[in-house]
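This report walks through one model, from its pocket to its helices and loops. Start with the structure below.

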Amino acid sequence: MDRIYRRMSASAPFVSAEVSNLLKNIDDWSFDCFSVNQASNGQVLKSVGYELFNRYGLMYKFKIPTTTLKNFLTQIEAGYVKHKNSYHNNLHAADVTQTVHYMLWQAGLTNWLTDLEIFATLLAAIIHDYLHTGTTNNFHVMSQ
């Protein structure tokens with residue numbers, strides 16, 4: 001497993017050695033998103049998203065160019081920090097994404113789901129609070 005991990009991690013063009021080392025624990029319940037966020041200069045979602053898409057082989061299976069995924073994750077991360085929301089931010093999205101991965105991995109769901117279902121599940125976790133303003137739907141309705 002470690003040999004596979006090293007091969008996949010070596011292809012990560014925008015992840016530092018420190019971040020890569022922290023991402024080795026992504027399969028653990030106690031994974032520390034805060035440390036990854038600090039080591040990646042606030043780009044925790046990009047780091048976690050890239051790692052998981054790479055780990056599951058989704059980039060290869062769906063022919064996603066590295067630059068396309070990098071640009072997508074960069075834009076999604078920018079949307080999460082746009083409103084300076086203290087909870088529904090990129091760190092929260094990375095934590096949810098890693099937790100979804102943990103559940104897929106530990107429950108053995110990866111053996112039952114198709115590649116497309118795994119792709120959709122991880123993508124949903126990544127974007128679930130994109131551009132969240134920190135206010136409720138009722139607030140938006142009442143403020144118009």
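## The largest pocket

The lining of the largest pocket consists of Phe 31, Asp 32, Cys 33, Phe 34, Ser 86, Tyr 87, Asn 89, Leu 91, His 92, Asp 95 and Val 96. Two elements give two or more residues each to this lining: α3 (33-39) and α7 (90-106). The top contributor is α7, with four residues. The space in the pocket comes to about 160 Å³.

A pocket here is an open set of points on a 1 Å grid over the protein atoms alone, where a 1.4 Å probe fits, with protein on both sides within 12 Å along at least five of seven lines; lining residues have an atom within 4 Å of a point. Points are joined across faces, edges and corners, and the volume is the space filled by probe spheres set on them. By class, six lining residues are nonpolar, three polar and two charged. Nonpolar covers Ala, Val, Leu, Ile, Met, Phe, Trp, Tyr, Cys and Pro; charged covers Asp, Glu, Lys and Arg; the others, Gly among them, are polar.

## Basis of the model

The model is predicted: local features need pLDDT of at least 70, side-chain atom pairs count only at pLDDT 80 or more, and totals for chains, interfaces and linings use all residues. Residues are numbered from 1 along each chain as its sequence is written, and side-chain values use heavy atoms, with hydrogens and water left out.

## Helix α7

Helices are DSSP runs (H or I, at least four residues), numbered from the N terminus. α7 has 17 residues. Its first and last C-alphas lie 24 Å apart, close to the 24 Å expected at 1.5 Å a residue. That expected span is 1.5 Å times one less than the number of residues.

At the start of α7, a side-chain oxygen of Asn 89 comes within 3.1 Å of the backbone nitrogen of Leu 91. Asn 89 and Leu 91 also both line the largest pocket.

## Helix α4

α4 has twelve residues and spans 16 Å between its end C-alphas, close to the expected 16 Å. Twelve of its twelve residues are buried. Among them are Lys 46, Glu 51 and Arg 55, along with Val 48, Leu 52 and Phe 53. Just after α4, Gly 57 has a positive phi of about 70°.

## Loops and positive phi

Two residues other than glycine have positive phi. Asn 41, at about 55°, sits in the loop between α3 and α4 (44-55). Its relative accessibility is 71%, so Asn 41 counts as exposed (over 50%). Lys 84, at about 50°, belongs to the loop between α6 (66-81) and α7. Lys 84 is exposed because its relative accessible area is 71%.

After α7 comes Gly 108, with a positive phi near 75°. Leu 109 lies in the loop between α7 and α8. Leaving aside neighbours within four places in sequence, Leu 109 is in contact (heavy atoms within 4.5 Å) with Met 103 and Leu 104. Leu 123 is 14 residues from Leu 109 in sequence and 16 Å away in space, C-alpha to C-alpha.

Note on methods. Buried < 20%, exposed > 50% of the residue type's maximum accessible area, 1.4 Å probe, protein only. Polar contact = N/O pair within 3.5 Å; in protein donor to acceptor, adjacent residues only side chain to side chain.
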